[in-house]
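Thanks for coming. I will go through one model this morning, and I will keep to what the coordinates give us.

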Amino acid sequence: MALEDLRFCAKYPFTKEAREYLDFLKINLDNLDDATIEYGAKRITESLGDFSKYAREKFEQIRTSKEPYLMNELISYPVSKILTALTEDRSLKKKFAKAEAQKVYYFLQLENEDSLYNIAKQFFHPQKEKDWFLIPFQEYLNNMPEEKEYALVNLEIEDGRIRLDKEKLAKLVSQYLYQSIVTAKIDKRDIKNKMFLYFVDEIKKDRRYAVPEDLGKVEFEAFPPCMRKIYHELQSEEKVSHMPRFVFSTFLASIKMPIEEAVSLFKNQSNFNEKKTRYYLEHSYGLKSNKTKYSVPTCSKMESYGVCCRDNTCRWNHPMTYYAKTKKARK
Amino acid sequence: MNPAAEFVRKKFREYYQKKGVIAPEGIEKREFGFGNDKKIDYRHLSFTKEEELKNYFVTNSPLYASFSSAYYEFPGAQPMPKKNILAADLIFEFDAECHHDSLTCSECLDKAKHDTQRLIDDFLIPDFGFDRKDIKITFSGSRGYHLYVVNEEVRHLNGDARRAIVDYLQAKNLDIKSIIRGGATLKSKGWRGRLAKAAYEYVRASNEKKFTEKEEILKKMAEGNYDLFRGAHSFWDKMLNEQIIHLGSAIDQSVTIDISRLIRLPSTLHGGSSLLCKYVDNLDEFNPFRDAVVFYNPPMKIKFTKDVSEMVLKEQTLGPFKAGEEKNVPEYAALYLICKEVALPA
């Protein structure tokens, strides 16, 4: 695909072209790597802040960037749409949808009439008539922007079609995008890649539990049963699956086990690859480019990921609290 | 149940045995509601075919029968979200608010008729582009008319979109300033054109002294120059008021907006009047006090509980009647008066 086509898909990741490109690349959401899902989560958290300059900045970045950045922009869109749907948090959905819509409205206004028309055709049945675009009123009403100037009463309507100028058509397309994000629904049970659920929790993160910053020397004896179990499984040759590996690495990072020591805990695994393991752990430790440190999931989340093995020593709702309290009690 | 209601239900049952009921389109996807004490005592009922619906009426002969404007996957399920809405017809309600001392006031019903016609001729066809054949009108059996737009395109309008249509008919949020600044000519469409034409027509027909150079003023107006009317709020309010569709109370409007509402089922009798809720083909010639009366002529004795002034039913003048008096009246009038709660079977 030509770079300009990819740039188009990065700008408008909700279009048919973008979907077709993702299909062509055989990108399957079930086996995306963690970094990609994380990029999607970041797309959401970015939009929750002040996004008044967001559209313009994004436009510049997309205009000047090369393939890796553009690919990330493209793939992170469906990822972030799924993540927001999974949060089931209407206000978060709206904020994210608003930021995305605002961005696309900005981009579309800079397009020429033909490109705008071609994009609009994917979602509506517009007709061009002189300087106007005519849109069936039903399509308009189901996506009507809230502002007074977009009220039907202030527009020209005849024979079931509403007259829009270029700017208003751009707004309508962006409003369509807004609606599609806000109304998206996904059943958790349909998500095969559990990392999506992890990042949903990250987005919604509740920081009610507090753990002292410095926990001192690592003590295996203070590990909660879940982490102890994963630790023992890793010592056998039997392959440990992704989710337990992941939560275990977030735990190791949180208790500040030196990374060399952490790498060695994985070496008995039959598919052990030192380079990969190190790269992976560095991510969890927040040593990679984005500096994000992944936190350990709460007990209830551990349960939903299927990695909890609660016993009568578990009196807390977070593995890190278990570790900190137990360690302190042993002194 | 009181004897009057029991009597009415017996008569309703006889009617349903003879005439049956007509299943609404997509009967198996509609929710039904029925009432005797109130308009709707119970709802969330569903039927799969016309025969089943008719049997229900013959067995239960409810005084009031309603059905959903919406089509559901599981119309009998509750609570509402479990029904899973698939679509909904677009419906407008015009109720005549009558304060006249007549039980058969044609004047008020004619006003509702006029508004219904104006909605079709001035808005639904020219602005929204609906085909006349997709617009169905029913007489509600009581005080007004229901207008249904039945086509695939409107079925999927969401609640916000329906509210926008109601707002449009009432010119809510209309930016008059932009029109006065020159945003509308006689060729403009929608509300802009409607107001421009109304203002133009007003001046053309006016004899007011301030419009002495009428030709000049009209020429300017045709070009969208309203300098003469800047700040003339009362003028614009007048123009607007004459053009808007008065959909009445918030409750009447909610019929259009709230797609979970139930509305009177055509082909059934109205327990508040004994008149038939029925489709109206020719609105102009329709007279509910003649064309929606379904009962017969044999006389029947009733006792009046309230004074009733002269009335016209089935083109027969009846009354006036005094409270306490017993009279023989045709059966159709007896039922009408009993349903109106001004008389009892004697």
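**Strand pairs, chains and the interface**

E7(B) and E8(B) form a hairpin with four residues between the strands, and in it B:Gly141 takes a positive phi near 95 degrees.

Before going further: this is a predicted model. For chain B the mean pLDDT is 89, and 98% of the residues reach 70 or more. For the complex, the predictor gives an ipTM of 0.83 and a pTM of 0.73. As a reminder, where pLDDT is low, the predicted coordinates should not be read in detail.

Back to E8(B). That strand also has strand E6 of chain B, residues 90-95, joined to it by six bridges, and the two run antiparallel. At one position of that pairing, B:Asp95 has B:Gly144 of E8(B) as its bridge partner. Is E8(B), residues 144-149, buried or exposed? Six of its six residues are buried, so the strand is largely enclosed by the rest of the structure.

Elsewhere in chain B there is an open sheet of three strands, with the order E14-E11-E15 and antiparallel pairing. Why do E14(B) and E15(B) each have one side without a neighbour in the sheet? Strand E14, residues 326-330, and strand E15, residues 343-345, stand at the edges with a single partner strand each, so one side of each is left without a neighbour. On average, neighbouring strands in this sheet are turned by 45 degrees against each other, direction ignored. Looking at one pairing in it, strand E11 of chain B, residues 299-304, and E15(B) are antiparallel over three bridges. In that pairing B:Ile302 stands opposite B:Pro345 of E15(B). For anyone following the side chains on screen, in a regular strand they alternate between the two faces of the sheet.

Now chain B overall. It has eleven helices and 15 strands. Its C-alpha trace spans about 70 × 50 × 30 Å along the principal axes. Of the 346 residues in chain B, 38% are buried. Taking contacts in chain B between residues at least 6 apart in sequence, 64% join residues at least 24 apart.

Next, chain A. Here there are 16 helices and four strands. The C-alpha trace of chain A spans about 80 × 40 × 35 Å along its principal axes. Buried residues are 38% of the 331 in chain A. Of the contacts in chain A with a separation of 6 or more, 77% are between residues 24 or more positions apart.

The sheet in chain A is open and has four strands, in the order E1-E2-E4-E3, with antiparallel pairing. Strand E1, residues 127-129, and strand E3, residues 156-158, are at its edges; each has a single partner strand, so one side of each lacks a neighbour in the sheet. From one strand to the next the twist averages 35 degrees. E1(A) is joined by three bridges to strand E2 of chain A, residues 132-136, and they run antiparallel. A:Lys128, for instance, has A:Phe133 in E2(A) as its bridge partner.

One helix pair in chain A. At what angle do H3(A) and H5(A) pack? Helix H3, residues 34-48, and helix H5, residues 67-87, pack at about 70 degrees, with their axes 7 Å apart. The two helices are therefore roughly perpendicular to each other. H3(A) contributes residues including A:Ile37, A:Gly40 and A:Ile44, and H5(A) contributes residues including A:Ile75, A:Val79 and A:Leu83. By class, this contact has seven nonpolar, six polar and one charged residues.

Last, the interface. How many residues of chain B are in contact with chain A? The count is 22 residues of chain B, against 17 residues of chain A. On the chain B side, helix H4, 159-169, and helix H6, 190-205, each supply at least two residues. H4(B) gives the most, with four residues. The residues on that side of chain B divide into ten nonpolar, five polar and seven charged.

That is where I will stop.

Definitions and conventions:
Residues numbered from 1 in each chain as written. Chains lettered and ligands numbered in written order. Contact = placed C-beta atoms within 7 Å. Nonpolar A, V, L, I, M, F, W, Y, C, P; charged D, E, K, R; others polar. pLDDT = per-residue confidence, 0-100. Pairing = 2+ DSSP bridges. Axes fitted to C-alpha atoms, helices over the stretch in contact; angles between N-to-C directions. Buried ≥ 20, exposed ≤ 12 C-beta atoms within 10 Å, placed from the backbone. Parallel < 35°, antiparallel > 145°, perpendicular 65-115°, else oblique.
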